[in-house]
Amino acid sequence: MSTLARQLIAHLPKTELHLHIEGTLEPAMLLQLAQRNRITLPYSDVGAVQAAYEFDCLQDFLDLYYLGMSVLMHEQDFYDLTWAYLERVAADSVHHVEIFFDPQAHMARGIAFETVLAGITRALAEGREAFGISSRLIMCFLRHLPEEQAFDVLEQACRYKEHIFGVGLDSSERDFPPANFSRVYARARQEGFVPVAHAGEEGPAAYVQSALDDLQVRRIDHGNHALDDAALTARLVREQIPLTMCPLSNLRLKVISDMRQNPVKRALALGLLVTVNSDDPSYFGGYVNDNYRALHEALGLSERELVTLAQNSFRAAFLDDSARQAGLDAIAACAGKLGA
Ligand code: ADE
Ligand code: ZN
C-alpha cells in the first residue's frame with residue numbers, strides 16, 4: 001500500500017453508519033464482564049473465544065453474537081461497551097457514528113429497555129465531549145421474531161424519542177422478508193423514526209426492493225445482492241439511496257469467498273452511494289479503517305476512490321446540512337494537506 005493511501009485511510013474524517021454496538025464486544029471485555037456478572041461461558045481464555053469465531057454463514061455468527069451479549073446485564077456494562085467502541089474509533093478519525101442496538105435480545109433475558117438505553121446514551125454523550133464524535137441511535141427489530149414483538153419494543157422507544165433516531169431490521173435474513181414488518185414500520189414512520197433495514201446480505205435483490213417499497217427505508221444496510229438486479233441498481237443510483245456495506249463482515253460470513261469479489265469498487269463505478277463500515281468489528285476482525293485497508297489491498301482502490309468513500313460516509317449520514325458540509329470541508333482540508 002502506498003504511503004499516501006495509508007495516510008488517507010488513517011486520517012480522512014469519516015462516519016460509521018453500520019455498526020451493531022453488541023458486535024463491538026471484544027473477547028477480553030466479554031470474559032471480564034462474564035466474571036463480573038457471574039455468567040458461565042464455554043470459553044477458557046481470549047484465544048478460545050477467537051478460535052470460536054469461525055463462521056460459515058450469518059446464522060453461525062448470530063448464534064455466538066447472542067451468546068456473547070448475555071454478559072451485558074447492567075447499565076455500566078452497556079456504558080463500558082459503548083465507551084470502548086468510541087475510544088477505538090476516535091483513533092480511526094471517525095467524526096460521527098450511527099449505532100444499532102438490539103433491545104429485544106436483552107429484554108428476552110430480563111434486562112430492562114431503560115438499562116440498555118441509559119448505558120449507551122451516557123457513553124455517547126461523554127464521547128461527544130471527549131472526542132467530538134456525534135451520534136444517532138437506531139433501534140433494530142429482530143426479524144426472526146414476530147411483528148407483534150416489534151410493536152412492543154416500538155412502544156418502549158416512543159418514550160425515548162429524544163434518544164432514538166431511527167428503526168432498523170436485523171438478525172437472520174433468509175426466509176424473513178422485510179414485508180413481514182410493513183405494519184410496524186408504518187407506525188414507526190408515523191411516530192417520526194427514520195427507517196433503515198438490512199437487506200440483500202444473504203437475501204435476494206427482491207428483499208432490497210421490498211425494504212424500499214414496503215418499509216420505505218431511507219438507507220439499505222449491506223445491499224450486496226441489489227447489484228444482481230440491473231433495474232433495482234438503476235433505481236438506487238437514481239434515488240441515491242445509500243448502501244452501508246461491510247467488507248470484512250461479508251468475507252467472514254461467506255457472503256463473498258474472496259475480498260476481490262467485494263462489490264464496493266463496482267458500486268462506486270456505477271454511481272451508487274456506497275459507504276464502508278465494520279458491522280460487528282470484534283467478530284469480523286476489524287474496525288472501520290481495517291475495512292478500508294482490506295478493500296484497498298484487495299481491489300486496489302485509488303486515492304480518489306478512498307476520498308469518495310469518506311465523502312459518501314457524510315453524504316449518507318443522517319446529519320443536518322451544516323454538519324454534513326463541515327465533514328466534507330474537513331475531508332477536503334485533509335486530502336489537500338496530504339497532497340491527494
Ligand atoms: N446483527 C448483527 N450483525 C448482523 C448482520 N451482519 N446481519 C444481520 N443481523 C446482524
Ligand atoms: Zn449489520
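User: How far does a polar side-chain atom of Asp280 lie from a nitrogen atom of ligand 1?
Analyst: The model is predicted, so side-chain atom pairs count only at pLDDT 80 or more. Asp280 is one of the residues that surround ligand 1. The separation between a polar atom of its side chain and a ligand nitrogen is 2.7 Å.

User: What percentage of the accessible area of ligand 1 does the protein cover?
Analyst: On its own, ligand 1 has 260 Å² of accessible area. The residues around ligand 1 include Leu58, Phe61, Leu62, Tyr65 and Glu201.

User: Which residue has a side-chain N or O atom 3.4 Å from a nitrogen atom of ligand 1?
Analyst: Two histidine contacts with a ligand nitrogen can be compared by their distances. For His20, a polar side-chain atom is 3.3 Å from a nitrogen of ligand 1. The 3.4 Å separation belongs to His222.

User: Which residues coordinate the zinc ion (ligand 2)?
Analyst: The donor atoms sit at 2.0 to 2.2 Å from the zinc ion. Along the sequence, the donor residues follow the spacing H-x1-H-x177-H-x80-D. The set consists of His18 (NE2), His20 (NE2), His198 (NE2) and Asp279 (OD).

User: Is the arrangement of the four donor atoms around the zinc ion tetrahedral or irregular?
Analyst: Four donors count as tetrahedral if all angles lie between 85 and 135 degrees. The angles subtended at the zinc ion (ligand 2) run from 83 to 176°. Because of these angles, the arrangement is irregular.

User: How many residues apart are His20 and Asp279?
Analyst: His20 and Asp279 are both donors to the zinc ion, and both are buried. His20 belongs to strand β1 (residues 14-20), while Asp279 is in the loop between β8 (274-276) and α14 (281-284). The pair thus links distant parts of the chain, with a separation of 259 residues.

User: What is the phi of Ser171, near which value?
Analyst: Ser171 is among the residues around ligand 1, and its place is the loop between β4 (166-170) and α9 (182-190). With a relative accessible area of 7%, Ser171 is buried. Its phi is positive although the residue is not a glycine, and lies near 85°.

User: Is Gln216 buried or partly exposed?
Analyst: Gln216 is located in the loop between α10 and β6. Its phi is positive, about 55°, in a residue that is not a glycine. Buried means under 20% relative accessible area. At 44%, Gln216 therefore counts as partly exposed.

User: What is the relative accessible area of Leu215?
Analyst: Leu215 is in the loop between α10 and β6. Leaving out residues within four places in sequence, its contacts include Leu169, Pro178, Phe181, Tyr185 and Ala197. Leu215 is buried, and its relative accessible area is 0%.

User: Which elements are included in what covers the buried residues of α10?
Analyst: Helix α10 spans residues 205-213. Its buried residues are Ala205, Tyr207, Val208, Ser210, Ala211 and Leu212. The cover over these residues includes β5 (194-199), β6 (219-222) and α11 (230-238).

User: Which residues does Asp80 touch, not counting those up to four places away in sequence?
Analyst: Asp80 is part of helix α5 (residues 75-90). Its relative accessible area is 18%, so Asp80 counts as buried. The residues touched are Met29 and Arg36.

User: How far apart in space are Val255 and Asp56, C-alpha to C-alpha?
Analyst: Val255 is in the loop between α12 (247-252) and α13 (264-270). Val255 touches Glu201, Glu202, Asn224 and Asn250, apart from residues up to four places away in sequence. Asp56 is 199 residues from Val255 in sequence, and the distance in space is 9.2 Å.

User: Is Lys337 buried or exposed?
Analyst: Lys337 lies in helix α17 (residues 321-338). Exposed means over 50% relative accessible area. The value for Lys337 is 77%, so this residue is exposed.

Key
Residues numbered from 1 in each chain as written. Chains lettered and ligands numbered in written order. Predicted model: local features only at pLDDT ≥ 70, side-chain atom pairs only at ≥ 80, totals over all residues. Heavy atoms only, no water. Donors = N, O, S within 2.8 Å, 3.2 Å for Na, K, Ca; no water. Tetrahedral: all angles 85-135°; square planar, octahedral: opposite > 155°, others 65-115°. Helix = DSSP H or I, 4+ residues; strand = E, 2+ residues; numbered from the N terminus. Buried < 20%, exposed > 50% of the residue type's maximum accessible area, 1.4 Å probe, protein only. Near = heavy atom within 4 Å. Polar contact = N/O pair within 3.5 Å; in protein donor to acceptor, adjacent residues only side chain to side chain. Areas by Shrake-Rupley, 256 points an atom, 1.4 Å probe, with all protein chains shown as cover. Contact = heavy atoms within 4.5 Å.
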